[in-house]
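The tour has two stops.

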Amino acid sequence: MARSMKALCLSLGAALTLSACGLFSNDSRYEPVELTQYAQTATGSIAWSTNIGSGSGYGFAPQVTTDSIFAATPDGSVARVNSATGATMWRVKLEQDLAGGVGVGDGVVAVTTRNGQVIALDAQNGNQVWASRTSTIATTPPAVGNGVVVVRADDYRVQAYNVTDGALLWSYVRTNPELALKTTSRMVMLPGAVAVAVPSGRLVGLNITTGRPMWEMIAASVRGPTDLDSVTDVVGMPVLTGNEACMASYQGNVLCYGITQAGPQLRWAQPFSSSVGIDLTESALLGAAVDGNVSAFNRASGEVLWSNQTLKNRGLTNPVVHNNYVVVADYEGYAHFFNFANGDLQGRVSLGNSDPVLSPLVAAPNGVVAQTGNGNLVLFGVQ
């Protein structure tokens, strides 16, 4: 049962603030399935693997740039790795344990610490540029761009710091519910704004200069009378591109908004509970649910194209589309490959150890990047 509880807590993206996993003890509904036999038609391969530090976590999301991958680990390690070869370009060991990272942009790499600081490093050499105090610990990776470093603390206060010297520019806070999901939420930097998930299933756009709300999108609403029913948050990294915004929520929906001159307008929504978020292609939205259901939705209409529960309760990561496969990783360190067209499971590969993959998978031009539980960066692919 300890094994099944581990998988359930992973699938929830960590835990509710009142340790909700204890509510599900001795419930066989949450037992993770064993790896099943299947007709293998896809071959996964590891291009390279390199150690950058110790450990991983929900707040540690690798960032891919043109030729590099930036990443951090909880023990204070921050590294820049060549995306083609896996060679370490630089690596520093900060004197503080880290809570989240990394944010990359405007020539800096930003991380947050367990004692409530945000630290900016020079992206070229890893030298520390500045450090500033945050309102509290921040386990959401920072977002960097438009001349600012934005931090969403665990009290849901959003703060922006000058990218050059770390001066606090503005702070945004709103009334929040007593319970919220601690999960793999990430912010999105936009021209002149930053998109931030806030409790009660909302995504807000904040003016990058003033911190004032510019728009708000509702991803989910409360569905029941209890405190646990009220927990619904935007999860993963929302996808905002052109005149469209798509996202997933816990105990809520997958959905897409159209962006118009009159503001965001809901185009479609489908009930779906996720703790890890989505990927988006020209034709489809891909989601991994809390219960291990991997699904594809028509991007234009929201129609369910296919759904696969082969990996039920295996604590899946966010899905990433690569070479016409939908890729997820699980709590035993495996990556799995689903056929993009019909959802059939067609391959899997071990990422090098049996520790859970907690950090989000990230697409790269030459493969998929995973940060494993023992602090390795792995570039892998499928054919």
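A disulfide here is a pair of cysteine sulfur atoms within 2.5 Å. This is a predicted model: local features need pLDDT of at least 70, side-chain atom pairs count only at pLDDT 80 or more, and totals for chains, interfaces and linings use all residues. Residues are numbered from 1 along each chain as its sequence is written, and side-chain values use heavy atoms, with hydrogens and water left out.

**First stop: the disulfide**

Searching the whole structure gives 1 disulfide. Select cysteine 246 and cysteine 256: their sulfur atoms lie 2.0 Å apart. Look along the S-S bond. The torsion of cysteine 246 and cysteine 256 about that bond is about 110°, so the disulfide is right-handed. Now color the strands (E; DSSP runs of at least two residues, numbered from the N terminus). Cysteine 246 sits in strand E21 (residues 244-249) and cysteine 256 in strand E22 (residues 252-260), 10 residues apart. Are these cysteines buried or exposed? Both cysteine 246 and cysteine 256 are buried (under 20% relative accessible area, 1.4 Å probe, protein chains only).

**Second stop: an open sheet**

Select E24, E25, E26 and E27. These 4 strands form an open sheet in that order, with antiparallel pairing; two strands pair if DSSP finds at least two bridges between them. Strand E24 (278-280) and strand E27 (304-308) are the edges, each pairing on one side only. From one strand to the next, the twist averages 15° (axes are lines fitted to C-alpha atoms; angles run from 0 to 180 degrees between N-to-C directions).

Zoom in on strand E26 (residues 294-298). It is joined to E27 by 4 bridges, and the two run antiparallel. Finish at valine 294, which stands opposite asparagine 308 in E27.

Technical notes:
Buried means under 20% relative accessible area, exposed over 50%, partly exposed in between (1.4 Å probe, protein chains only).
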